[in-house]
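Work through the exercises below with the sequence and the model side by side. Try each task before reading its solution.

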Amino acid sequence: MPQVSLTVNGKPASAEVEARTLLVELLREKLGLTGTHVGCDTSQCGACVVHVDGMAVKSCTMLAVQADGAKVTTIEGLAAADGTLHPMQEMFREHHALQCGFCTPGMVMTAIDLVATHPDGLTEEQIRHGLEGNLCRCTGYHNIVKAIAAAWPLMHGKGMPAAAE
Amino acid sequence: MAPPFEGIGASVRRKEDLRFISGHGHYTDDINRPGQVYAYFRRSDRPHAKIVSIDTKEAAAAPGVLAIYTAADLAAIGGLPCGWQIHNKDGSPMAEPKHPVLAEGRVRHVGDPIAVVIAETKQQAKDAAELLAIDFEDLPGVATVTDAVKPGAPQVHDGVANNVCYDWHIGDKAAVDAAFARAAHKVRLDLTNNRLIPNAMEPRAAIGEYDAATGDYTLYTTTQNPHVIRLLMCAFVLQLPEHKVRVVAPDVGGGFGSKIYHYAEEAVVTWAAAKLHRPIKWTAERSESFMSDAHGRDHVTTGELALDKDGKFIGLRVHTYANMGAYLSTFATAVPTYLSATLLAGTYTTPAIYGEVTAVFTNTVPVDAYRGAGRPETAYLIERLVDCAARETGIDRVEIRRRNFIPRSAFPYQTPVALQYDSGDYVATLDVAMKKADWAGFPARRAAAAAKGRLRGIGMSTYIEACGVAPSAVAGALGARAGLYEVANIRFNPTGSVTVFTGTHSHGQGHETTLAQLVTEQLGVPLAQVEVVHGDTAKIPFGMGTYGSRSLAVGGSAMVKAMDKIIAKGKKIAAHLLEADVRDIEFKDGKFTVAGTDKSKTIGEIAFTAYVPHNYPHEELEPGLEETAFYDPKNFTFPGGCHICEVEIDRDTGVVHVVNFTAVDDVGRVVNPMIVEGQVQGGVAQGIGQALLENAAYDASGQLVSGSFMDYTMPRADDLPSFHVATENTMCTHNPLGSKGCGEVGAIGSPPAVINAVVDALRDYGVRHVDMPATPAKIWSIMHAAAPKMAAE
């Protein structure tokens, strides 16, 4: 079986996997990182989103072997070593952007990528469009959209440009 | 500094969130037991067939395979039970064919489990399952209720004539016939309440475990009600004593009803764990969820409303065909009857009502309660009928509602269909909603949209629902095979913190916060010092679980009763310590005080004394401070309200955009407004999903066409607007909290508001009704089939 070596949440990790093993299976079943969830089998729901080399990726859509040598960040790797939460995590809690919590890890990882890749601001429409690949059945998205808008100034260290509001 | 307000009415942030936002939730599939192996179910890919033979030889020889079981191996265990027995019009009981755990000689729906393969790894189990050689002889199948009741239709079960499970009725037929005979106006509407697939984001999962040394079983499962699963599985399926079985429902990723029921996979992994002496895990793939989680709705209904010359409703006649699917799921039979037809009065004074329900078997996945369960179906029917009546009598749709509302002064109000509403103020929720939605300003918005080539419509619903099915004695008389009380155990720890053990279960509702707030409010213990424990039969005395928006109204009331007992005992301890008469002890803000003095003891001091009883009234009291209460409600609770939806239709594509949605609900006492708003927002999203997007599609033979997220349209963030949500509350009069429940109102009030808005937008096309979901294809076809009566541009 192929061996895969990668960096996960800043620490080296390696495991023997079947060629067909998905990245999400490697994370959950071999590395014990169960914060990344599996909500479907057609790459539609986004519960499994992680960051691979800084980009949001559905980890059910990528083979573990394709992540060989990559830097992967999962929901467990977002908070600082002292437990300080990422601003996106804080805003999800502050704005009640989660209920059952199952879609939350994927939502948070997608949201961080969305905010990071929009340094000029985000409109509600852009946020909603950016969440197209993530399903939530509990919240109706209302508070998720609010949380992401609230996290933007915290992540960029400046106010949201007026045009984007 | 005053302590922060954390009691009833405070939007405190949720205690459970830290673990969820940091990836440390603990869902069933996150659990791995030592020595664990994996189950994979081979399911029917055809709607209806005889199983001629199952050859397991090649699969059994595949790598890692430990066992393969079929129905032949399960001969000694029972079928999956139905929890509510309905009786026919003639008094005879409903048809209740066996629901085998694994198919017995015949498959009756796509997804029907036939065999289970247990192997060392998940992949090995799945690979081996594909090697099972099963010979089928296909039988004709039937998917819809209208096809299933036709003469000559394929028969789903031997011995169930014409596929009819039951033929039930409620109300006064003669009075309704008389009302129609003298009616000035009659309005009839035929409609379908579309079949939905709940799709909680966490797929179902189960781990069965057996300890050979003690004979104890443990089942970890994605359920909304662990004690109910233990009862059903032990008593009916596996015939195990309940004290040897522990059922744990850890973090559960959404339920919406679909995780109430006892499913085959739970029984199989528990049973097989004892055969193999290995823990066995099963986790559904999403495609399995689509064909094995109980579906929702699927009613075909005819409603007729009789009005007098002034537009007063004088009679309502309803017939519903309800699709049960291939087998009876746990509470399927109650949904179209006692959870639906009993609400046919809606918010109106209609004096004569007659409802009939024909429940029908088809070759489809079993149908059961899904968010709202029967109540959305009734609200949709009534609120669509009322809009049709308004249009056909020429009375304004708001005015016709006002004219027929049960007035606030009429409560308690006895409806003609069994229920007695305790409280409500339908005019108030209507007025607030119309103001918030700027109903009066709509014509200008419509004109502005028309100028841009868009069709704009507005619609409302003024719905009611019934929550917290009760009391047990009445439910039992109507066929329920379980009680519907709830249980709470409140335990002070010696150093003053509190652990709450509740029989309800949280799978997104935020009970760890809301229920803790009740303790803060009543006992004056800071929120951080209160822990809520749920979801484990080994820890919780008993419980009926969470569904039907019952957790606060019923489970919270049980907590209040238990806390009343804590205070009563605390007063006796305080009287002893303060050398006062117990009748002079007052309890307020966490302190026991001798009335009229400054002599007091905090509840923490009392708890410590109860556990370190050196100076203690031992002759009168036992040590310890822990109380349990079982609460059986006196009645349902009756949330209601007004939802207003505004849509714009794109003429070129037929896409319906919800541009404004206002929900003003009466949910009784609100404990945490933030959580209530979140519940309503989520419910509204599901209701808009039903109205515009979602549909469980079968072909005529029973093949499931919408079997994945590629085919079944879930509401996504860009399908929905931000919502305007508010409450305008009257208190429930018969429970100690005054709370009514908020979990389902969103999904109940919204579908009729959306469709009423869509029909309003299409009014120039002579459209009277659009069945859900109002998809772009459907709308486009309507617009192109009929030229507008007048040019809108």
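**Exercise 1.** Locate A:Thr36 in chain A and decide whether it is buried or exposed.

Solution. Step 1: A:Thr36 sits in the loop that connects helix 1 (23–30) with strand 3 (49–52) of chain A. Helices (H or I, at least four residues) and strands (E, at least two) are DSSP runs, numbered from the N terminus. This is a predicted model, in which local features need pLDDT of at least 70 and side-chain atom pairs count only at pLDDT 80 or more, while totals for chains, interfaces and linings use all residues. Residues are numbered from 1 along each chain as its sequence is written, chains are lettered from A and ligands numbered from 1 in the order in which they are written, and side-chain values use heavy atoms, with hydrogens and water left out.

Step 1: The relative accessible area of A:Thr36 is 2%, so A:Thr36 is buried. Buried means under 20% relative accessible area, exposed over 50%, and partly exposed in between (1.4 Å probe, protein chains only).

Step 2: Apart from neighbours within four places in sequence, the contacts of A:Thr36 include A:Val24, A:Leu27, A:Val50 and A:Ile75. Contact means heavy atoms within 4.5 Å. A:Val50 is 14 residues away along the chain, and its C-alpha atom is 7.4 Å from that of A:Thr36.

**Exercise 2.** Describe the two faces of strand 3 of chain A and find its partner strands.

Solution. Step 1: In a regular strand the side chains alternate between the two faces of the sheet. In strand 3 of chain A, A:Val49 and A:His51 point one way, A:Val50 and A:Val52 point the other way, and all are buried.

Step 1: Strand 4 (residues 55–58) of chain A runs antiparallel to strand 3 of chain A and is joined to it by 4 bridges. Two strands pair if DSSP finds at least two bridges between them. A:Val57 is the bridge partner of A:Val50. The hairpin of these strands has 2 residues between them, and A:Asp53 takes a positive phi near 50 degrees there.

Step 2: Strand 5 (residues 71–73) of chain A is also antiparallel to strand 3 of chain A, with 2 bridges. Here A:His51 stands opposite A:Thr73.

**Exercise 3.** State how domain 1 and domain 2 of chain A meet.

Solution. Step 1: Domain 1 covers 3–75 and domain 2 covers 87–158 of chain A; the bounds come from an automatic or database domain assignment. Their centres, taken over C-alpha atoms, are 21 Å apart.

Step 1: In domain 1 of chain A, 18 residues are in contact with 13 residues of domain 2 of chain A. The area buried between the two is about 1,100 Å², with 63% from carbon and sulfur atoms. Buried area is the accessible area (1.4 Å probe) that two parts lose on being put together, summed over both. On the domain 1 side, A:His37, A:His51 and A:Ile75 lose the most area, together 41% of what that side buries.
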